[in-house]
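Subject: Structure handover

Hi,

Here is the structure I said I would pass on.

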Amino acid sequence: MASGGEPEQRARPERRVGGAVRIGRLFGIGVFIHWSFWLLIAFVIYLHAAQGATVWQIAEGVALIFSIFACVVLHECGHALAARRYGIGTRSITLMVIGGIASLERMPRKPSQELVVAVAGPMVNVVIAGVLFVGLLLVRGHVRQDEALLQAGGAYFDKLMWINVILVVFNMIPAMPMDGGRVLRALLAMRFGYERATRASARLAQTLAIGFAIVGIFEWQPLLIIIGVFVFFGAAAEAQMAIARSAIESLKVARAMMPDYLVIEPGARISDAIEALVTSRQSAFPVMEGNEVIAMLTREHIHKAAEAGEQDVPVMDYADRDFLRLSPDEPLVDAVDRLQQAEKSAALVEDDSGPVGILTREGVGELISLRASFKGRRG
Ligand SMILES: [Zn+2]
(Lines give C-alpha, C1' and ligand atoms only; values in the text may rest on other atoms or scores of the structure.)
Protein backbone atom coordinates (compact mmCIF):
# COMPACT_ATOMS: atom_id res chain seq x y z
CA MET A 1 0.00 0.00 0.00
CA ALA A 2 1.30 3.43 -0.84
CA SER A 3 1.62 5.66 2.20
CA GLY A 4 1.77 9.37 1.54
CA GLY A 5 3.67 11.22 -1.17
CA GLU A 6 2.77 10.46 -4.77
CA PRO A 7 -0.81 9.69 -5.61
CA GLU A 8 -0.97 6.06 -6.40
CA GLN A 9 -1.33 5.51 -10.13
CA ARG A 10 -3.17 2.29 -10.55
CA ALA A 11 -4.22 0.83 -13.83
CA ARG A 12 -7.84 -0.19 -13.80
CA PRO A 13 -7.84 -3.75 -12.52
CA GLU A 14 -8.76 -6.40 -15.04
CA ARG A 15 -11.98 -8.09 -14.11
CA ARG A 16 -11.84 -11.86 -14.36
CA VAL A 17 -14.03 -14.81 -13.61
CA GLY A 18 -12.87 -16.74 -10.56
CA GLY A 19 -10.70 -19.77 -11.34
CA ALA A 20 -9.41 -18.31 -14.61
CA VAL A 21 -5.76 -17.92 -15.64
CA ARG A 22 -4.53 -15.25 -18.01
CA ILE A 23 -2.97 -16.59 -21.19
CA GLY A 24 -2.27 -13.36 -23.04
CA ARG A 25 -3.62 -10.13 -24.51
CA LEU A 26 -5.42 -9.44 -27.75
CA PHE A 27 -6.23 -5.89 -28.92
CA GLY A 28 -5.18 -4.78 -25.43
CA ILE A 29 -7.74 -7.05 -23.74
CA GLY A 30 -6.65 -9.74 -21.29
CA VAL A 31 -7.63 -13.26 -22.39
CA PHE A 32 -8.29 -15.77 -19.60
CA ILE A 33 -8.92 -19.50 -19.56
CA HIS A 34 -11.27 -20.90 -16.93
CA TRP A 35 -10.34 -24.22 -15.31
CA SER A 36 -13.47 -25.83 -16.78
CA PHE A 37 -11.79 -25.56 -20.19
CA TRP A 38 -9.15 -28.12 -19.13
CA LEU A 39 -11.95 -30.53 -18.22
CA LEU A 40 -13.03 -30.33 -21.84
CA ILE A 41 -9.51 -31.21 -23.03
CA ALA A 42 -9.45 -34.17 -20.62
CA PHE A 43 -12.87 -35.24 -21.92
CA VAL A 44 -11.71 -35.08 -25.56
CA ILE A 45 -8.63 -37.18 -24.76
CA TYR A 46 -10.85 -39.69 -22.95
CA LEU A 47 -13.32 -39.89 -25.87
CA HIS A 48 -10.51 -40.45 -28.36
CA ALA A 49 -8.84 -43.06 -26.19
CA ALA A 50 -12.17 -44.85 -25.71
CA GLN A 51 -12.52 -45.04 -29.51
CA GLY A 52 -9.07 -46.64 -29.68
CA ALA A 53 -7.48 -43.60 -31.35
CA THR A 54 -3.72 -43.35 -31.89
CA VAL A 55 -1.59 -40.81 -30.03
CA TRP A 56 -1.38 -38.79 -33.25
CA GLN A 57 -5.20 -38.73 -33.57
CA ILE A 58 -5.53 -37.67 -29.92
CA ALA A 59 -3.06 -34.82 -30.53
CA GLU A 60 -5.10 -33.80 -33.56
CA GLY A 61 -8.29 -33.81 -31.47
CA VAL A 62 -6.70 -31.61 -28.82
CA ALA A 63 -5.33 -29.28 -31.52
CA LEU A 64 -8.83 -29.02 -32.97
CA ILE A 65 -10.21 -28.00 -29.57
CA PHE A 66 -7.55 -25.27 -29.30
CA SER A 67 -8.41 -24.09 -32.82
CA ILE A 68 -12.10 -23.95 -31.93
CA PHE A 69 -11.31 -21.90 -28.87
CA ALA A 70 -9.17 -19.57 -30.94
CA CYS A 71 -12.27 -19.06 -33.12
CA VAL A 72 -14.31 -18.37 -29.97
CA VAL A 73 -11.73 -15.81 -28.80
CA LEU A 74 -11.91 -14.09 -32.20
CA HIS A 75 -15.72 -14.13 -31.91
CA GLU A 76 -15.46 -12.34 -28.55
CA CYS A 77 -12.97 -9.88 -30.06
CA GLY A 78 -15.66 -9.14 -32.66
CA HIS A 79 -18.01 -8.04 -29.86
CA ALA A 80 -15.23 -6.15 -28.07
CA LEU A 81 -14.06 -4.21 -31.13
CA ALA A 82 -17.63 -3.32 -32.12
CA ALA A 83 -18.27 -2.05 -28.56
CA ARG A 84 -15.02 -0.07 -28.69
CA ARG A 85 -16.43 1.88 -31.67
CA TYR A 86 -19.08 3.19 -29.26
CA GLY A 87 -16.59 4.06 -26.55
CA ILE A 88 -17.23 0.93 -24.48
CA GLY A 89 -14.15 -0.92 -23.26
CA THR A 90 -13.85 -4.64 -22.53
CA ARG A 91 -12.43 -5.72 -19.18
CA SER A 92 -11.57 -9.28 -20.14
CA ILE A 93 -12.32 -12.19 -22.42
CA THR A 94 -12.73 -15.51 -20.59
CA LEU A 95 -12.95 -18.95 -22.15
CA MET A 96 -15.12 -21.41 -20.32
CA VAL A 97 -16.36 -24.85 -21.20
CA ILE A 98 -19.65 -23.38 -22.46
CA GLY A 99 -17.91 -20.81 -24.65
CA GLY A 100 -16.44 -17.35 -24.34
CA ILE A 101 -17.49 -14.31 -22.37
CA ALA A 102 -16.39 -10.76 -23.19
CA SER A 103 -17.09 -8.58 -20.14
CA LEU A 104 -17.96 -5.20 -21.53
CA GLU A 105 -17.76 -2.20 -19.19
CA ARG A 106 -21.42 -1.63 -19.93
CA MET A 107 -24.02 -2.64 -22.45
CA PRO A 108 -24.71 -0.24 -25.31
CA ARG A 109 -28.04 1.48 -24.69
CA LYS A 110 -29.03 2.44 -28.20
CA PRO A 111 -30.76 -0.54 -29.83
CA SER A 112 -28.87 0.06 -33.08
CA GLN A 113 -25.56 -0.15 -31.20
CA GLU A 114 -26.58 -3.26 -29.30
CA LEU A 115 -27.53 -4.83 -32.61
CA VAL A 116 -24.11 -4.14 -34.13
CA VAL A 117 -22.23 -5.36 -31.03
CA ALA A 118 -24.32 -8.56 -30.82
CA VAL A 119 -23.97 -9.38 -34.52
CA ALA A 120 -20.22 -8.63 -34.66
CA GLY A 121 -19.32 -11.86 -32.80
CA PRO A 122 -21.15 -14.38 -35.01
CA MET A 123 -20.00 -12.40 -38.11
CA VAL A 124 -16.41 -13.33 -37.23
CA ASN A 125 -17.35 -17.02 -37.39
CA VAL A 126 -19.18 -16.45 -40.68
CA VAL A 127 -15.96 -14.99 -42.08
CA ILE A 128 -13.78 -17.84 -40.71
CA ALA A 129 -16.19 -20.46 -42.10
CA GLY A 130 -16.26 -18.62 -45.42
CA VAL A 131 -12.46 -18.47 -45.68
CA LEU A 132 -12.14 -22.18 -44.82
CA PHE A 133 -14.90 -23.04 -47.31
CA VAL A 134 -13.23 -21.18 -50.16
CA GLY A 135 -9.81 -22.53 -49.14
CA LEU A 136 -11.05 -26.13 -49.18
CA LEU A 137 -12.77 -25.62 -52.53
CA LEU A 138 -9.59 -24.21 -54.05
CA VAL A 139 -7.29 -26.88 -52.61
CA ARG A 140 -9.45 -29.97 -52.83
CA GLY A 141 -12.48 -29.03 -54.90
CA HIS A 142 -15.04 -29.93 -52.26
CA VAL A 143 -15.87 -29.74 -48.56
CA ARG A 144 -16.45 -33.03 -46.75
CA GLN A 145 -19.96 -33.65 -45.44
CA ASP A 146 -19.62 -37.39 -44.73
CA GLU A 147 -19.05 -39.41 -41.58
CA ALA A 148 -15.32 -38.61 -41.69
CA LEU A 149 -16.33 -35.48 -39.77
CA LEU A 150 -17.43 -37.60 -36.83
CA GLN A 151 -14.31 -39.79 -36.69
CA ALA A 152 -11.14 -39.17 -34.75
CA GLY A 153 -8.34 -37.69 -36.82
CA GLY A 154 -8.37 -36.28 -40.38
CA ALA A 155 -10.64 -33.77 -42.12
CA TYR A 156 -9.24 -31.11 -39.76
CA PHE A 157 -10.16 -28.01 -41.75
CA ASP A 158 -13.54 -29.46 -42.76
CA LYS A 159 -14.34 -30.02 -39.10
CA LEU A 160 -13.21 -26.53 -38.20
CA MET A 161 -15.37 -25.03 -40.95
CA TRP A 162 -18.49 -26.90 -39.85
CA ILE A 163 -17.86 -26.05 -36.22
CA ASN A 164 -17.79 -22.36 -37.14
CA VAL A 165 -21.12 -22.83 -38.92
CA ILE A 166 -22.49 -24.49 -35.76
CA LEU A 167 -21.12 -21.61 -33.65
CA VAL A 168 -23.03 -19.11 -35.80
CA VAL A 169 -26.29 -21.08 -35.64
CA PHE A 170 -25.93 -21.78 -31.91
CA ASN A 171 -25.12 -18.18 -30.97
CA MET A 172 -28.00 -16.84 -33.03
CA ILE A 173 -30.59 -18.85 -31.07
CA PRO A 174 -32.85 -16.02 -29.85
CA ALA A 175 -32.26 -16.70 -26.15
CA MET A 176 -30.87 -13.75 -24.21
CA PRO A 177 -28.11 -13.34 -23.02
CA MET A 178 -26.90 -15.21 -26.10
CA ASP A 179 -26.16 -13.10 -29.17
CA GLY A 180 -29.37 -14.01 -30.99
CA GLY A 181 -31.38 -12.96 -27.93
CA ARG A 182 -29.63 -9.59 -27.85
CA VAL A 183 -30.31 -9.14 -31.55
CA LEU A 184 -33.99 -9.91 -30.92
CA ARG A 185 -34.14 -7.50 -27.99
CA ALA A 186 -32.50 -4.72 -30.03
CA LEU A 187 -34.94 -5.24 -32.92
CA LEU A 188 -37.96 -5.28 -30.59
CA ALA A 189 -36.63 -2.25 -28.68
CA MET A 190 -36.60 -0.18 -31.86
CA ARG A 191 -40.37 -0.64 -31.97
CA PHE A 192 -41.64 -1.28 -28.46
CA GLY A 193 -39.08 0.43 -26.23
CA TYR A 194 -36.32 -1.12 -24.18
CA GLU A 195 -38.25 -2.44 -21.19
CA ARG A 196 -41.05 -4.18 -23.09
CA ALA A 197 -38.53 -5.60 -25.56
CA THR A 198 -36.41 -6.98 -22.73
CA ARG A 199 -39.36 -8.52 -20.89
CA ALA A 200 -40.56 -10.27 -24.05
CA SER A 201 -37.06 -11.46 -25.00
CA ALA A 202 -36.37 -12.68 -21.46
CA ARG A 203 -39.63 -14.64 -21.39
CA LEU A 204 -38.78 -16.33 -24.69
CA ALA A 205 -35.23 -17.05 -23.47
CA GLN A 206 -36.45 -18.65 -20.26
CA THR A 207 -38.94 -20.82 -22.15
CA LEU A 208 -36.17 -21.98 -24.49
CA ALA A 209 -33.86 -22.50 -21.49
CA ILE A 210 -36.35 -24.84 -19.84
CA GLY A 211 -36.61 -26.67 -23.17
CA PHE A 212 -32.78 -27.02 -23.35
CA ALA A 213 -32.66 -28.37 -19.82
CA ILE A 214 -35.47 -30.90 -20.41
CA VAL A 215 -33.90 -32.17 -23.65
CA GLY A 216 -30.52 -32.17 -21.87
CA ILE A 217 -31.87 -34.37 -19.09
CA PHE A 218 -33.74 -36.83 -21.31
CA GLU A 219 -31.02 -37.11 -23.94
CA TRP A 220 -28.34 -36.86 -21.25
CA GLN A 221 -26.49 -33.90 -22.73
CA PRO A 222 -24.93 -32.21 -19.66
CA LEU A 223 -23.72 -29.25 -21.74
CA LEU A 224 -27.29 -28.50 -22.80
CA ILE A 225 -28.38 -28.51 -19.14
CA ILE A 226 -25.57 -26.09 -18.23
CA ILE A 227 -26.56 -23.81 -21.13
CA GLY A 228 -30.21 -23.98 -20.02
CA VAL A 229 -29.28 -22.87 -16.51
CA PHE A 230 -26.95 -20.14 -17.85
CA VAL A 231 -29.62 -18.75 -20.19
CA PHE A 232 -32.40 -18.96 -17.59
CA PHE A 233 -30.56 -16.90 -14.97
CA GLY A 234 -28.87 -14.65 -17.52
CA ALA A 235 -32.28 -13.72 -18.97
CA ALA A 236 -33.66 -13.05 -15.48
CA ALA A 237 -30.73 -10.71 -14.77
CA GLU A 238 -31.32 -8.86 -18.06
CA ALA A 239 -35.01 -8.41 -17.25
CA GLN A 240 -34.10 -7.12 -13.80
CA MET A 241 -31.68 -4.60 -15.30
CA ALA A 242 -34.29 -3.38 -17.77
CA ILE A 243 -36.83 -2.87 -14.98
CA ALA A 244 -34.23 -0.95 -12.96
CA ARG A 245 -33.43 1.21 -15.93
CA SER A 246 -37.02 2.01 -16.75
CA ALA A 247 -37.62 2.96 -13.11
CA ILE A 248 -35.19 5.86 -13.46
CA GLU A 249 -35.57 6.46 -17.19
CA SER A 250 -36.89 10.01 -17.08
CA LEU A 251 -34.99 11.23 -14.00
CA LYS A 252 -32.06 13.62 -13.78
CA VAL A 253 -29.04 13.23 -11.51
CA ALA A 254 -30.40 15.99 -9.22
CA ARG A 255 -33.32 13.74 -8.29
CA ALA A 256 -31.10 10.97 -6.88
CA MET A 257 -28.19 12.91 -5.41
CA MET A 258 -27.63 13.74 -1.76
CA PRO A 259 -27.76 17.54 -1.58
CA ASP A 260 -26.62 17.61 2.06
CA TYR A 261 -23.44 15.81 2.84
CA LEU A 262 -20.45 15.85 5.11
CA VAL A 263 -17.04 16.67 3.71
CA ILE A 264 -13.65 15.66 5.00
CA GLU A 265 -10.38 17.61 5.14
CA PRO A 266 -7.27 16.34 3.39
CA GLY A 267 -5.42 16.30 6.70
CA ALA A 268 -8.00 14.08 8.39
CA ARG A 269 -7.03 10.54 9.40
CA ILE A 270 -8.73 7.31 8.45
CA SER A 271 -9.95 7.05 12.06
CA ASP A 272 -11.86 10.34 11.56
CA ALA A 273 -13.37 8.93 8.38
CA ILE A 274 -14.45 5.78 10.21
CA GLU A 275 -16.16 7.98 12.78
CA ALA A 276 -17.91 9.97 10.05
CA LEU A 277 -18.95 6.81 8.22
CA VAL A 278 -20.51 5.27 11.30
CA THR A 279 -22.29 8.38 12.58
CA SER A 280 -23.54 9.80 9.26
CA ARG A 281 -24.45 6.65 7.32
CA GLN A 282 -23.05 8.52 4.33
CA SER A 283 -21.13 6.16 2.04
CA ALA A 284 -18.87 8.66 0.25
CA PHE A 285 -17.13 11.83 1.40
CA PRO A 286 -15.76 14.59 -0.80
CA VAL A 287 -12.28 15.59 0.39
CA MET A 288 -12.29 19.41 0.38
CA GLU A 289 -9.32 21.73 0.34
CA GLY A 290 -10.67 25.28 0.63
CA ASN A 291 -13.56 25.46 -1.83
CA GLU A 292 -12.15 22.75 -4.01
CA VAL A 293 -13.05 19.07 -3.95
CA ILE A 294 -9.72 17.31 -4.54
CA ALA A 295 -10.69 13.67 -4.02
CA MET A 296 -13.49 11.31 -3.07
CA LEU A 297 -13.27 8.91 -0.14
CA THR A 298 -15.74 6.05 -0.26
CA ARG A 299 -16.83 3.40 2.18
CA GLU A 300 -14.74 0.86 0.22
CA HIS A 301 -11.61 2.99 0.71
CA ILE A 302 -12.30 3.28 4.43
CA HIS A 303 -12.85 -0.46 4.80
CA LYS A 304 -9.68 -1.18 2.85
CA ALA A 305 -7.68 1.09 5.14
CA ALA A 306 -9.25 -0.46 8.23
CA GLU A 307 -8.46 -3.96 6.98
CA ALA A 308 -4.84 -2.90 6.44
CA GLY A 309 -4.81 -1.63 10.04
CA GLU A 310 -3.97 1.90 8.83
CA GLN A 311 -6.17 4.00 11.08
CA ASP A 312 -3.65 6.78 11.54
CA VAL A 313 -2.73 7.51 7.94
CA PRO A 314 -4.14 10.60 6.17
CA VAL A 315 -7.34 9.98 4.19
CA MET A 316 -5.55 11.14 1.05
CA ASP A 317 -3.56 7.88 1.06
CA TYR A 318 -6.74 6.05 0.21
CA ALA A 319 -9.02 8.65 -1.38
CA ASP A 320 -9.60 8.65 -5.14
CA ARG A 321 -8.17 11.75 -6.85
CA ASP A 322 -9.43 10.59 -10.21
CA PHE A 323 -13.09 10.79 -9.23
CA LEU A 324 -16.10 11.26 -11.45
CA ARG A 325 -17.86 14.63 -11.80
CA LEU A 326 -21.48 14.78 -12.91
CA SER A 327 -23.90 17.54 -13.76
CA PRO A 328 -27.23 17.72 -11.89
CA ASP A 329 -29.07 18.00 -15.24
CA GLU A 330 -27.50 14.86 -16.68
CA PRO A 331 -29.92 11.94 -17.25
CA LEU A 332 -29.59 9.53 -14.33
CA VAL A 333 -29.27 6.45 -16.55
CA ASP A 334 -26.23 8.02 -18.25
CA ALA A 335 -24.71 8.79 -14.86
CA VAL A 336 -25.23 5.19 -13.70
CA ASP A 337 -23.55 3.96 -16.90
CA ARG A 338 -20.61 6.29 -16.28
CA LEU A 339 -20.24 5.09 -12.68
CA GLN A 340 -20.29 1.50 -13.86
CA GLN A 341 -17.88 2.12 -16.71
CA ALA A 342 -15.40 3.92 -14.43
CA GLU A 343 -15.94 1.31 -11.67
CA LYS A 344 -16.73 4.01 -9.10
CA SER A 345 -19.26 3.72 -6.30
CA ALA A 346 -19.81 7.48 -5.95
CA ALA A 347 -19.46 10.71 -7.90
CA LEU A 348 -19.45 14.42 -7.19
CA VAL A 349 -22.32 16.44 -8.63
CA GLU A 350 -21.46 20.02 -9.50
CA ASP A 351 -22.81 22.90 -11.54
CA ASP A 352 -21.25 26.24 -12.51
CA SER A 353 -21.39 27.42 -8.92
CA GLY A 354 -19.51 24.41 -7.56
CA PRO A 355 -20.41 21.16 -5.80
CA VAL A 356 -24.13 20.66 -5.25
CA GLY A 357 -24.32 17.05 -4.10
CA ILE A 358 -23.00 13.52 -4.23
CA LEU A 359 -24.41 10.58 -6.13
CA THR A 360 -23.77 7.07 -4.83
CA ARG A 361 -24.61 3.74 -6.43
CA GLU A 362 -26.19 2.79 -3.15
CA GLY A 363 -28.52 5.80 -3.26
CA VAL A 364 -29.47 5.10 -6.87
CA GLY A 365 -30.08 1.45 -5.97
CA GLU A 366 -32.47 2.44 -3.22
CA LEU A 367 -34.33 4.85 -5.50
CA ILE A 368 -34.61 2.15 -8.17
CA SER A 369 -35.99 -0.44 -5.80
CA LEU A 370 -38.52 1.98 -4.33
CA ARG A 371 -39.70 3.25 -7.70
CA ALA A 372 -39.77 -0.24 -9.23
CA SER A 373 -41.96 -1.62 -6.44
CA PHE A 374 -44.21 1.44 -6.59
CA LYS A 375 -44.59 0.93 -10.32
CA GLY A 376 -45.17 -2.80 -9.75
CA ARG A 377 -48.06 -2.06 -7.36
CA ARG A 378 -49.70 0.26 -9.84
CA GLY A 379 -49.47 -2.65 -12.32
ZN1 LIG B 1 -21.13 -13.80 -28.97
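Two bits of housekeeping to start. Numbering begins at 1 along each chain as its sequence is written. This is a predicted model, so local features need pLDDT of at least 70 and side-chain atom pairs count only at pLDDT 80 or more, while totals for chains, interfaces and linings use all residues.

**Domains**

The chain is split into domain 1 (14–172), domain 2 (179–247) and domain 3 (253–378); these bounds come from an automatic or database domain assignment. Between the C-alpha centres of domain 1 and domain 3 there is a distance of 41 Å.

**The four-stranded sheet**

Helices (H or I, at least four residues) and strands (E, at least two) are DSSP runs, numbered from the N terminus. Two strands pair if DSSP finds at least two bridges between them. With that in hand, there is an open sheet of 4 strands in the order S1-S2-S3-S4, and its pairing is mixed. Strand S1 (20–26) and strand S4 (99–104) are the edge strands, each pairing on one side only. From one strand to the next, the twist averages 25°. (Axes here are lines fitted to C-alpha atoms, for helices over the stretch in contact, and angles run from 0 to 180 degrees between N-to-C directions.)

Strand S3 (residues 90–96) runs antiparallel to S4, and 6 bridges join them. Contact means that the C-beta atoms of two residues, placed from the backbone, lie within 7 Å. Helix H2 (residues 55–85) lies across S1, S2, S3 and S4 and runs at about 20° to S4.

**The three-stranded sheet**

A second open sheet has 3 strands in the order S7-S8-S9, again with mixed pairing. Strand S7 (324–326) and strand S9 (354–360) are at the edges with a single partner strand each, so one side of each has no neighbour in the sheet. Direction ignored, neighbouring strands are turned by 35° against each other on average.

Strand S8 (residues 346–351) and S9 are antiparallel and joined by 6 bridges. Val-349 has Gly-357 of S9 as its bridge partner. Helix H11 (residues 332–342) packs on the sheet and touches S7, S8 and S9, with its direction at about 175° to that of S7. Asp-351 is bridged to Gly-354 in S9, and the hairpin from S8 to S9 goes through 2 residues.

**Helix pairs**

How do H3 and H5 pack, and at what angle? Helix H3 (residues 111–140) and helix H5 (residues 179–192) pack at about 160°, with axes 8 Å apart. That makes H3 roughly antiparallel to H5 (angles under 35 degrees count as roughly parallel, over 145 as roughly antiparallel, 65 to 115 as roughly perpendicular and the rest as oblique). Their crossing is left-handed, meaning that the near helix is turned anticlockwise from the far one by less than a right angle; clockwise would be right-handed.

The axes of H2 and H3 come within 7 Å and cross at roughly 145°, and this crossing is right-handed. Residues making the contact include Cys-71 and Leu-74 of H2 and Val-116 and Val-117 of H3.

Cheers
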